[in-house]
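Work through the exercises below with the structure open.

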Amino acid sequence: MSSSEAQELSNVAQQCLEIAKARGASAAEVGASSGKGLSLSVRLGEVESVEYHRDKSVGVTVYLGDRKGSASSSDFSPTALTETVEAALNIARHTAPDSYAGLADPALLAKEFPDLDLYHPWDIDPDAAAALARRCEEVARAADPRITNSEGASIGTGEGISVYANSLGFLGRSQGSRHSLSCSVIAEDAQGMQRDYWYDVARRHEDLASAEEIGRICAERTVRRLGARKIGTCTAPVLFENQIASSLLGHFAQAISGGSLYRKASFLQDSLGQNLFPKQVHIYEEPLRRRGLSSASFDGDGVATQNRDLIRDGVLQSYLLDVYSARKLGLQSTGNAGGAHNLTLAPGSDDLDALLRQMGRGLFVTELIGFGVNGVTGDYSRGAAGFWVENGEIQYPVEEITIAGNLREMFQGFAAIGSDLLIHGGTGSPSILIDNMTIAGN
């Protein structure tokens, strides 16, 4: 993306603000973005799909006192911008007043914009992308004779620029890139077929795992699931593998987000200062992480972000609040309009083998299926697959089971945290051992 595109977006935002002011808006904010990318997939060596995308959009929110209206457009012409602002104003005139709506406190707006090293475009054409995806799939398919089919390999690359501006004089720009490579194959033996996958994602394509490594891991994960059995219903410890353990952090983040809290739709209502986890648990967000996939120096309200602890010594230190939810709760924005930034569970000292030994007997979960989580009560029930463990060692793969518990009790039941921190996307987690859950099988 060129500097001229960034300037165009800034100009569009400023034009919208000027139009809004001229037409009587008491305040306004604008978000404008532009992006482009390539997605390609292959299956059994043949290209299945190639997709280019290039898009741009502008969203305008205007305020008439306590009344708010929003509208958007993909047309940046002067006439279209005027029509978009007028549409937002018309909506505002017909909405009910909301005293909590409005722009951020000027003191909270970002004033510094450090270079977080987020923009690394990948100049790769479809032929080169297809060759890389083919190589990934070939390695996976050749790894074991029991791998008999493939769901394919995919490669994606994208880059974009976004601008946020408001009538308080704030204007912030962000520019970033995101690249990914994935593979999924199917293995078969006398007992049936199994599938699994692996992937990587990064700001720089040089930071991606190699096609060979992704293919190899994909094959290993698929073959190890062959011969999966069903097990009887029981209560036992459950070890969440790092790549799915991050989902527990996602549930935690949702429960402490302002939208859930002010709607009273969270099982962690009024939990600030409470011991939610064992003392060794440390959860933090790091919006200023260089090359982080969720890094940003300001949030969707223009509020400055900062690296901070959410859980320290097991105690909840802060909620995740945007401007609106903070006002509803009588608190101050934490710079989380748009969600958490690089949410991370700090790793422990034990590797996966040590966690298995500590568990002794129980379930090692490597895949979760479906979404059975009640955000209001914290009740948790999800389909799962993985491995049964006896005497601290994996015995055999298992499937068609359900694990169940309550998230508040599960958080308190973090018995051990692994050293195997995995950051895939905007959340990072090691493997997590939970001391007791219900496992429903036959």
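Predicted model: local features only at pLDDT ≥ 70, side-chain atom pairs only at ≥ 80, totals over all residues.

In the largest cavity, strand S14 supplies three residues, the largest share of the lining.

**Exercise 1.** Find the residues that line the largest cavity and sort them by class.

Solution. 
- Start with the count: the structure holds one cavity of 30 Å³ or more. Its volume is about 30 Å³.
- List the lining: Gln194, Arg225, Ala228, Ala385, Gly386, Pro397, Val398 and Glu399.
- Assign elements. Strands S13 (379–390) and S14 (393–406) are the elements that give two or more residues to this lining.
- Sort by class. Four residues of the lining are nonpolar, two are polar and two are charged. Gly386 lines the cavity, and Gly counts as polar.

**Exercise 2.** Describe the largest pocket: which residues lie nearest its centre, and which elements give two or more residues to its lining?

Solution. 
- Take the volume: the largest pocket holds about 390 Å³ of space.
- Go to the centre. Of the 22 lining residues, Ser162, Ser174, Ser295, Ala296 and Phe298 lie nearest to it.
- Assign elements. Strand S1 (27–43), strand S4 (147–166) and strand S5 (171–189) each give two or more residues to the lining.
- Pick the main contributor: S4 gives the most, with five residues.

Conventions:
Residues numbered from 1 in each chain as written. Heavy atoms only, no water. 1 Å grid on protein atoms, 1.4 Å probe; cavity = no way out; pocket = protein on both sides within 12 Å on 5 of 7 lines; lining within 4 Å. Points joined across faces, edges and corners; volume = space filled by probe spheres on them. Helix = DSSP H or I, 4+ residues; strand = E, 2+ residues; numbered from the N terminus.
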